[in-house]
Amino acid sequence: MIQKAEAIVLKTLNHGDTSKIITLYSREFGRLKLIAKGVRSPKSKAMGLFQPTRHIQVIYYAKSTSDLQLFKSGDLVDGFFGLEEDFDRLTLAQVMVELLDRSVEDQESHPGLFQLLVQSLSRLSNREIASAEAYWFFHTHLLGELGFRPHVGHCSVCREALEEGGSLGRGSSQLECVKCHQPGQESIFVSGSVLQTIQNLSDSDWDDIQKTSLSARERRTLWDFLWQFTYHHIESARGMKSLKVLRQLYG
């Protein structure tokens, strides 16, 4: 059966002398794996189509009995070429696609998640948009789409508002206020302004996002919170290759 899909390239793997195995996230079918035979040949018209983060249309031969489908042809929708001019933005884009790849199941359609990825890559490729904010919006909304939206308004123990900030224990996704948090417990303290930023990112559409004005330390805390929270809910996110590069940039 011939199928057509709109997709983002998540990753590729060389196969044999001239072929590639491509992992895509598609609007219609969720995560897909295709084998593109001969695509690495200099004569192949699709040679540059399968760079990670590319937005493409593909036609392929689908077999219900196989997890690996056969690529027939494809066209570029958007290359997000602005990413290639800025290493920081390209790194964040690679984190986006790797995190999504580790967060979803094969052939499980989620059009909202696909649209979030496309729009977020487009924002990252726009030099007029702050790269960190574009990434934070993607990450918080990804968690929400997966059912793991961070709840940062109240202490998980006494339910009082966390206006002065709260502590996130290692290996936990629950915040505790100063009164309820046990001294000596290994944890991250997240200030009230950082929690408000996370709340704003989670609750708002992109056009309604308020510009962040966090200090360098608070920005680092926001990164730490997002990843510790993510590891708690998405164990497969640990060990991401792209995250090692990100830590060098923002560590």
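This report covers a helix pair, a salt bridge and a surface patch in a predicted model.

## Ground rules

Residues are numbered from 1 along each chain as its sequence is written. Local features need pLDDT of at least 70 and side-chain atom pairs 80 or more, while totals for chains, interfaces and linings use all residues, and side-chain values use heavy atoms, without hydrogens or water.

## Two helices

Helix α2 spans residues 111–124, and helix α3 spans residues 131–145. Their axes come within 9 Å and cross at roughly 175 degrees. That makes α2 roughly antiparallel to α3 (an angle over 145 degrees).

Residues in contact (heavy atoms within 4.5 Å) include L113, L116 and L117 of α2 and F137, F138 and L142 of α3. The contact residues divide into eight nonpolar, four polar and two charged. Here Ala, Val, Leu, Ile, Met, Phe, Trp, Tyr, Cys and Pro count as nonpolar, Asp, Glu, Lys and Arg as charged, and the others as polar.

## A salt bridge

The structure holds 13 salt bridges (a side-chain nitrogen of Lys or Arg within 4 Å of a carboxyl oxygen of Asp or Glu). One joins R27 to E6, with the closest N and O atoms 3.1 Å apart. R27 lies in the loop between β2 and β3 and E6 in strand β1, so the pair ties together parts 21 residues apart in sequence. Strands are DSSP runs of E, at least two residues long, and helices are runs of H or I, at least four.

## A surface patch

I2, Y61 and L70 form a nonpolar patch on the surface. Patch residues have over 30% relative accessible area and no salt bridge, and nonpolar side chains are joined within 5 Å. Together the three have about 260 Å² of accessible area (Shrake-Rupley method, 1.4 Å probe, only the protein chains shown counting as cover). I2 sits in strand β1, residues 2–15.

Conventions
Patches are made of residues with over 30% relative accessible area and no salt bridge: like charges are joined within 9 Å, nonpolar side chains (Val, Leu, Ile, Met, Phe, Trp, Tyr) within 5 Å. Axes are lines fitted to C-alpha atoms, for helices over the stretch in contact, and angles run from 0 to 180 degrees between N-to-C directions. Angles under 35 degrees count as roughly parallel, over 145 as roughly antiparallel, 65 to 115 as roughly perpendicular and the rest as oblique.
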